[in-house]
Amino acid sequence: FRSGAAFTIRARVQAEFAERLQILVNHLGAFDLGWQPGVPFVWLRLPQGWRASSFLRMAEAKGVLVRSADEYALVTGRAPNAVRIAISGAISRDAFETAMATLAGLLARPPSDLSV
C-alpha cells in the first residue's frame with residue numbers, strides 16, 4: 001500500500017474489466033443488458049423464445065458457463081428470465097470474446113427457431 005503498487009494493480013484490473021465489458025456490449029448490446037460500473041458481471045434478460053434453463057444448457061454445451069438469475073433470488077422471491085454473465089479475468093481476452101460471440105449466436109436463434 002505504501003509503495004503505491006496496490007493503486008496501480010487496482011487501476012490495471014479496472015481497465016481490463018472495462019475493456020472486457022466493452023467486448024461484451026459489442027457482442028450482446030442489442031439485447032437487454034443491465035450492469036453497474038465497477039461491478040464485474042452483467043445481467044442479460046433473455047429474449048422471447050428462451051428459457052434460462054435451455055439457454056444455460058445450450059451455452060454450456062458450447063463451452064460457455066453462465067448462471068440463471070433464479071440462483072440469486074430469495075427463496076420466496078421471483079427471478080426474471082435472465083442470466084448472469086461474469087466478466088472474468090481468469091480466461092484470456094480472446095477466449096472471453098469467443099464466449100461472447102457464442103452467446104450472441106445462441107441468442108439470435110432461440111430453440112423455437114431450430115425446428116424450422
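**Legends to close-up views of a predicted model**

View 1. The model is predicted, so local features need pLDDT of at least 70 and side-chain atom pairs count only at pLDDT 80 or more, while totals for chains, interfaces and linings use all residues. Residues are numbered from 1 along each chain as its sequence is written, and side-chain values use heavy atoms, with hydrogens and water left out. Phenylalanine 17 belongs to helix 1 (residues 5-28); helices (H or I, at least four residues) and strands (E, at least two) are DSSP runs, numbered from the N terminus. Not counting residues up to four places away in sequence, phenylalanine 17 touches Pro40, Ile87, Ser88 and Gly89, where contact means heavy atoms within 4.5 Å. From phenylalanine 17 to valine 39 the C-alpha to C-alpha distance is 8.7 Å, across 22 residues in sequence.

**View 2. The chain as context.** The protein chain has 4 helices and 4 strands, which run α-β-β-α-β-β-α-α from the N terminus on. Its C-alpha trace spans about 60 × 35 × 25 Å along the principal axes. Of the 116 residues of the protein chain, 27% count as buried. Among contacts between residues at least 6 apart in sequence, 66% join residues at least 24 apart.

**View 3. Serine 68 in strand 3.** Serine 68 sits in strand 3 (residues 67-68). Its relative accessibility is 7%, so serine 68 counts as buried. The side chain of serine 68 makes a polar contact of 2.8 Å with the side chain of aspartate 70. A polar contact is a pair of N or O atoms within 3.5 Å; within protein, one must be able to donate a hydrogen and the other to accept it, and residues adjacent in sequence count only if both atoms are side-chain atoms. Leaving aside neighbours within four places in sequence, serine 68 is in contact with Ala52, Leu56, Ala82 and Val83. Two of these residues, Ala52 and Leu56, are among the buried residues of helix 2.

**View 4. Packing of helix 2 on helix 3.** Helix 2 (residues 52-61) packs with helix 3 (residues 93-108) at an angle of about 135°, and their axes are 10 Å apart (axes are lines fitted to C-alpha atoms, for helices over the stretch in contact, and angles run from 0 to 180 degrees between N-to-C directions). Helix 2 is therefore oblique to helix 3; angles under 35 degrees count as roughly parallel, over 145 as roughly antiparallel, 65 to 115 as roughly perpendicular and the rest as oblique. Phe55, Met58 and Ala59 of helix 2 meet Leu103, Leu106 and Leu107 of helix 3. The contact comprises 6 nonpolar residues, no polar and no charged (Ala, Val, Leu, Ile, Met, Phe, Trp, Tyr, Cys and Pro count as nonpolar, Asp, Glu, Lys and Arg as charged, and the others, Gly among them, as polar). Buried residues of helix 2 include Phe55 and Ala59. Glycine 63, with a positive phi near 90°, follows helix 2.

**View 5. Tyrosine 72 in a loop.** Tyrosine 72 lies in the loop between strand 3 and strand 4 (82-86). With a relative accessible area of 40%, tyrosine 72 is partly exposed. Apart from neighbours within four places in sequence, tyrosine 72 is in contact with Trp43, Arg67 and Arg84. Tyrosine 72 and alanine 90 are 18 residues apart in sequence and 22 Å apart in space, C-alpha to C-alpha.

Methods: Buried means under 20% relative accessible area, exposed over 50%, partly exposed in between (1.4 Å probe, protein chains only).
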